[in-house]
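Hello,

Here is the structure we talked about. Please open it alongside this message; my notes follow below.

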Amino acid sequence: MPALVLVGAQWGDEGKGKATDLLGSSVDYVVKFNGGNNAGHTVVIGGETYALHLLPSGILSPGVVPVIGNGVVVDLGVLFEEIDALEARGMDTSKLVVSANAHLLPPYNRSLDKVVERFLGSRRIGTTGRGVGPTYADKMSRVGLRVQDLFDEKILRQKVEGALVQKNQLLVKVYNRRAVTVDEIVDELMGYADRLRPMVADTSLLLAKALDDGANVVLEGGQATLLDVDHGTYPFVTSSNPTAGGACTGSGIPPARIDRVVTVMKAYTTRVGEGPFPTELTNEDGVRLRKDGGEFGTTTGRPRRCGWLDAVVGRYAVRINGTTDFVLTKLDVLTGWERIPVCVGYDVDGVRHDEMPMTQTEFHHATPIYEYFEGWNEDISGARTLDDLPAPARRYVEAVEELCGAPISAVGVGPGRESIIAVRDLI
């Protein structure tokens, strides 16, 4: 069977966990292929809210095998905190599989992440301070630690010694922090080895065999298209590739085995952290969207910046990811607006752009060009078909589909698992 990729269209927090949950009964494996505990999914099931950070959201669906792929960076303390919290609420986590090639997030990278952000001051990126960026930097610099290293203490110790040669110079001489000892790092990490060992596998091989056997595999990205380190609003991005291409490198599944790319887009736009955001509302309309949408970060609790839907971003997400289907979420949040703007292009110094500007400078100076759509006042949370929606809401969905250039296959109309309109089968 072919695999399906699920990614975010905007700056994250679009409701990818809800989309994965929608697929749950048809899916055998859900793979987290990028990021760490610097992002999260919030899933509501039966009135219960589950906030996930490292764990794939498929872990909430009985029968699904959740997989942490090789492209993820793993803070073991956070991983086991999440597992323990779910098990305390009666959830089964016994099927979890972790890639032997996934990188470990060591304590010294959390320290560095925080002090570097403070040091940058007004030039800060707006990271979560979880140590994810420095850990990806270690990976690319080939001084990282991998899950498999926990099972050879000699190798682990050698790698930690090599990493600390540079890390301690930075901590002590640049940032005036205490030096870290090899023993404290090795002892902390080795303390997780026995519990982790039964979960670890060659996940690329596991997934290849699963696909050969006819299993349905969903590759679930953290963050979103405009936070991609190559294709996002650099440097205000994450440190991995949360786009469809990253699904292949982060899981070990080749492109030829993927036939569907589902891109999740919120009915308006949000982002956290620093960086340009053309449709951002800094007035009371933005406050209203934040309040009505409950727009506070799953991982940090930070209030999200809010603005209108940006179809330029939508078209860009289609192009970068090869989107075959959109899932439009949080349409219900727009209930009660007299009219709803959608950004259809940008004005950059008097020049109209219908596609993403080439340079960071142009994007930073982009002024949105809006089209306006009639609003609605009816409660749509009970809608289960498009025909159940009031006419203006249907027209809004149709307009977004046309403006962004890919079919909308599902529409979220409320926070619960059942609050979704399935327009077309995704699997």
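Is Tyr 370 buried, partly exposed or exposed? Tyr 370 is partly exposed, because its relative accessible area is 23% and buried would need under 20%. Bear in mind that this is a predicted model.

Aromatic rings next. There are 7 aromatic pairs. Trp 11 and Phe 277 make one of them, a tilted pair with 5.3 Å between centres and 50° between planes. This pair joins distant parts of the chain, 266 residues apart. Trp 11 is in the loop between strand 1 (3–8) and helix 1 (16–23). Phe 277 is in the loop between strand 13 (269–271) and helix 10 (284–293). Both Trp 11 and Phe 277 are buried.

Tyr 370 has a ring partner too: Tyr 372, tilted at 50°, with the centres 6.1 Å apart. Tyr 372 is partly exposed, at 42% relative accessibility. The charged end of Arg 339 sits over the ring of Tyr 372, 3.9 Å from its centre. Arg 288 lies over the face of Trp 337, 3.8 Å from the ring centre. Phe 373, Trp 376 and Tyr 396 form a cluster linked by ring pairs.

Now look at Arg 315. It belongs to helix 11 (residues 311–321). Arg 315 counts as buried because its relative accessible area is 16%, and the cut-off is under 20%. Its side chain reaches the backbone oxygen of Val 344 at 2.9 Å. Beyond its neighbours within four places in sequence, Arg 315 contacts Val 344, Asp 354, Glu 355, Leu 403 and Cys 404.

Best wishes

Technical notes
Residues numbered from 1 in each chain as written. Predicted model: local features only at pLDDT ≥ 70, side-chain atom pairs only at ≥ 80, totals over all residues. Heavy atoms only, no water. Helix = DSSP H or I, 4+ residues; strand = E, 2+ residues; numbered from the N terminus. Buried < 20%, exposed > 50% of the residue type's maximum accessible area, 1.4 Å probe, protein only. Polar contact = N/O pair within 3.5 Å; in protein donor to acceptor, adjacent residues only side chain to side chain. Contact = heavy atoms within 4.5 Å. Phe/Tyr/Trp six-rings, centres within 6.5 Å; stacked < 30°, edge-to-face > 60°. Lys NZ or Arg CZ within 6 Å of the ring centre and 35° of its normal.
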